[in-house]
Amino acid sequence: MTTGSIGRRAALGTAFAAMTLACPAIGQGRFPNRPVRFLIPWAPGGTLDGFMRLQAELFQQNTGQTLIIENRPGARGTLAAQFLLNQARPDGYTIAHHHLSVIRHPFLTRRPTWHPVNDFTYIMQQTGF
């Protein structure tokens, strides 16, 4: 055997492995293909709650899926973050609105229960001051 044929075989094997690894994504359905749960860390009826519900209507129009809104007020607005870390499956079907209390939490407690950057996947910025 020559080194050229080994290189060709390695290249073909690498290409085949790359195609094989990519195949499962072809069989996946469009996201989202079921209702999405949206946790709002404020009481119902407030300004931010109304804004989030407007966003929910736009989400439903664009995706054709229901966005189930669940208000989780209390604990400085960190109950939604606690739920994401401790109970929600990390599959993208439970999302939450985060605010500064979620980011400040590790700096205001003796034993932080999360890291605001490493423990969450941020989708977009909705508001900012």
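Reader: What should I know before I start?

Author: This is a predicted model, in which local features need pLDDT of at least 70, side-chain atom pairs count only at pLDDT 80 or more, and totals for chains, interfaces and linings use all residues. Residues are numbered from 1 along each chain as its sequence is written, and side-chain values use heavy atoms, with hydrogens and water left out.

Reader: What is the mean pLDDT of the protein?

Author: pLDDT is the predictor's confidence in each residue, from 0 to 100. Here the mean is 80, and 76% of the residues reach 70 or more.

Reader: Where does pLDDT stay under 50?

Author: Where pLDDT is low, the predicted coordinates should not be read in detail. In this model that applies to residues 16–20, where pLDDT stays under 50 and there are zero contacts beyond four places in sequence (a contact means heavy atoms within 4.5 Å).

Reader: How many bridges join strand 1 to strand 2?

Author: Helices (H or I, at least four residues) and strands (E, at least two) are DSSP runs numbered from the N terminus, and two strands pair if DSSP finds at least two bridges between them. Strand 1 (residues 36–40) and strand 2 (residues 67–71) run parallel and are joined by five bridges. Leu39, for instance, has Glu70 as its bridge partner in strand 2.

Reader: Which residues make up the largest nonpolar core?

Author: In soluble globular proteins, nonpolar side chains tend to be buried together. A nonpolar core is a set of buried Ala, Val, Leu, Ile, Met, Phe, Trp, Tyr and Cys residues joined through side-chain atoms within 4.5 Å; buried means under 20% relative accessible area, exposed over 50%, partly exposed in between (1.4 Å probe, protein chains only). The largest core here has nine residues: Leu39, Ala80, Ala81, Phe83, Leu84, Ala88, Val102, Trp114 and Phe120. Helix 3 (residues 79–86) gives the largest share of this core, four residues. A second, separate core has seven residues, among them Ile40 and Tyr93.

Reader: Which residues join through a cis peptide bond, and what is the phi of Ala75?

Author: Most residues other than glycine have a negative phi, and most peptide bonds are trans. In this model, a cis peptide bond joins Phe31 and Pro32, with omega about -10 degrees. Ala75 is not a glycine, yet has a positive phi of about 55 degrees. Arg76 also has a positive phi, about 60 degrees, and lies in the loop between strand 2 and helix 3.
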